[in-house]
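Please look over the sequence and the structure shown here before reading the notes on them.

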Amino acid sequence: MNLADRTALSYYRPAGDIRPKHGICLVQHSLTGKFYVQKRLTVYNMEVYQALLAHPIPGTPRIFELVEDESVLTVIEEYLSGNSLQELLDEKGSLPEPQVIDIISQLLVIVSSLHHATPAIIHRDIKPSNVILTEDGIVKLLDFNAAKFISDSKSRDTVLLGTSGFAAPEQYGFAPSGVQTDLYSIGVLMNVLLTGCLPSERLADGRLSAIITKCTQIDPHNRYTNANDLIAVLEKVPTDVKEKSAAEADREQPVKNGLPINVRRAKEGPYAWRRFLPPGFRSGSAAHMIIALPGYLLLFYCGLTLTVEAASPAELVLNRIAFCLSGLGIIFFSGNYLDVQSHLLLTRSSNRLIRIFGIILYDTVIFLGIIFLLVLAVDLFL
């Protein structure tokens, strides 16, 4: 670090912690009194940050200082106030469809600007904690630690960066990252905003289901071509859907036992029939099906070859049936088959920890219930 760099950084005084474990804090300029964000990065692409410094991208924090010293990059960037999408999800559990369409559409405009930069930049870490929603409802995209330029010369990524669940398959070294890499993450983000879950855990119902499915295809060539194509698709979602508030949507739902039942959205969309498929096959993802099929086969194999000491042939059959039913019951409930979790206490909570506790509790009840029925059947009929 030379004298000029030291002098530049000396004007910024610590003013508060933001994410101290990640080397991010709030600083104040001693002369102007303005607040900025200071980041100390050990994983970064210097050329990307230099490009963003020279050519700011609307919707991203403007960079004011870049100082590199012994493989540590200190970044002074614009402070953007607002709540991250992760904070909104922690508070509400999920967001209404019209708001999700608005957020994703704004985000895609930012991403399109990145992809059309010279050279093109891909973010590679789009997730709820990296997207800010200001008090005016304006979307901002943060954190370019994993960002890189698009390179046509590489057959695959050599540096594996990204966040599990949101990172596209090619970010794990299977292929080079491209514009479709960010579209994959945006598809996952869309699903998380609608359901609070990753697509692999629970695929959103309704009009956006097919869009999310296309965004999250394993093969990048099967996704949307670019951000502008996805914007055009979202613009075709009927205006009445965009303008309805969450309260209005709830009022339209049929009611049973005092609880709204999301029947209308489940019946919409060209892939609505997939909701009747077992967990692992509903999303249409080849990767999910490749994982799910051996799992089901293993369950049935264990069930059909189960042995019980000193059991009669009839008792053995009942035990094998109970084993398979308990396994399927736990899989189907944990996989939220036919959106059953939204109709039960605990699992319909907006708090993720409460939902997880509820799933474990109901899975235990399913298992014990089937064991009870097994014992009852043996006592009554054998």
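## The chain as a whole

The model is predicted. The chain holds 13 helices and twelve strands. Of its 382 residues, 42% count as buried. The accessible surface of the chain is about 20200 Å², and carbon and sulfur atoms account for 59% of that surface.

For contacts in the chain between residues at least 6 apart in sequence, 57% join residues at least 24 apart.

## Helix 4 and helix 5

Helix 4 covers residues 97–115 and helix 5 covers residues 179–195. Their axes lie 10 Å apart, and the two helices pack at an angle of about 165°. Because angles over 145 degrees count as roughly antiparallel, helix 4 is roughly antiparallel to helix 5. The crossing of the two helices is right-handed.

On the helix 4 side, the contact is made by E97, V100, I103, I104, L107, L108, V111 and H115. Helix 5 contributes V179, D182, L183, I186, L189, M190, L193 and L194. By residue class, the contact of helix 4 with helix 5 consists of 13 nonpolar residues, one polar and two charged.

## Helix 11 and helix 12

The second pair is formed by helix 11 (residues 286–304) and helix 12 (residues 313–334). Their axes come within 8 Å and cross at roughly 155°. With the limit for roughly antiparallel set at over 145 degrees, helix 11 and helix 12 are therefore roughly antiparallel to each other. Helix 11 passes helix 12 in a right-handed crossing.

Helix 11 takes part in this contact through Y296, L299, F300, C302, G303 and L304. The residues of helix 12 in the contact are R320, F323, C324, G327, L328, I331 and F332. The contact of helix 11 with helix 12 divides into ten nonpolar residues, two polar and one charged.

Most residues other than glycine have a negative phi. E70 is not a glycine, yet it has a positive phi of about 50°. S71, also a residue other than glycine, has a positive phi near 65°.

S71 counts as exposed because its relative accessibility is 57%.

Most peptide bonds are trans. The bond that joins T118 and P119 is cis, with omega about -5°. P119 is found in the loop between helix 4 and strand 7 (121–122).

## T134 in the loop between strand 8 and strand 9

T134 is found in the loop between strand 8 (131–133) and strand 9 (139–141). Its relative accessibility is 16%, and since buried means under 20%, T134 counts as buried.

Which residues is T134 in contact with, leaving aside its neighbours within four places in sequence? They are S81, G82 and K140.

Note on methods: Residues are numbered from 1 along each chain as its sequence is written. This is a predicted model: local features need pLDDT of at least 70, side-chain atom pairs count only at pLDDT 80 or more; totals for chains, interfaces and linings use all residues. Side-chain values use heavy atoms; hydrogens and water are left out. Axes are lines fitted to C-alpha atoms, for helices over the stretch in contact, and angles run from 0 to 180 degrees between N-to-C directions. Helices (H or I, at least four residues) and strands (E, at least two) are DSSP runs, numbered from the N terminus. Angles under 35 degrees count as roughly parallel, over 145 as roughly antiparallel, 65 to 115 as roughly perpendicular and the rest as oblique. A crossing is left-handed if the near helix is turned anticlockwise from the far one by less than a right angle, and right-handed if clockwise. Contact means heavy atoms within 4.5 Å. Ala, Val, Leu, Ile, Met, Phe, Trp, Tyr, Cys and Pro count as nonpolar, Asp, Glu, Lys and Arg as charged, and the others, Gly among them, as polar. Buried means under 20% relative accessible area, exposed over 50%, partly exposed in between (1.4 Å probe, protein chains only). Accessible areas come from the Shrake-Rupley method with a 1.4 Å probe; for residues, only the protein chains shown count as cover.
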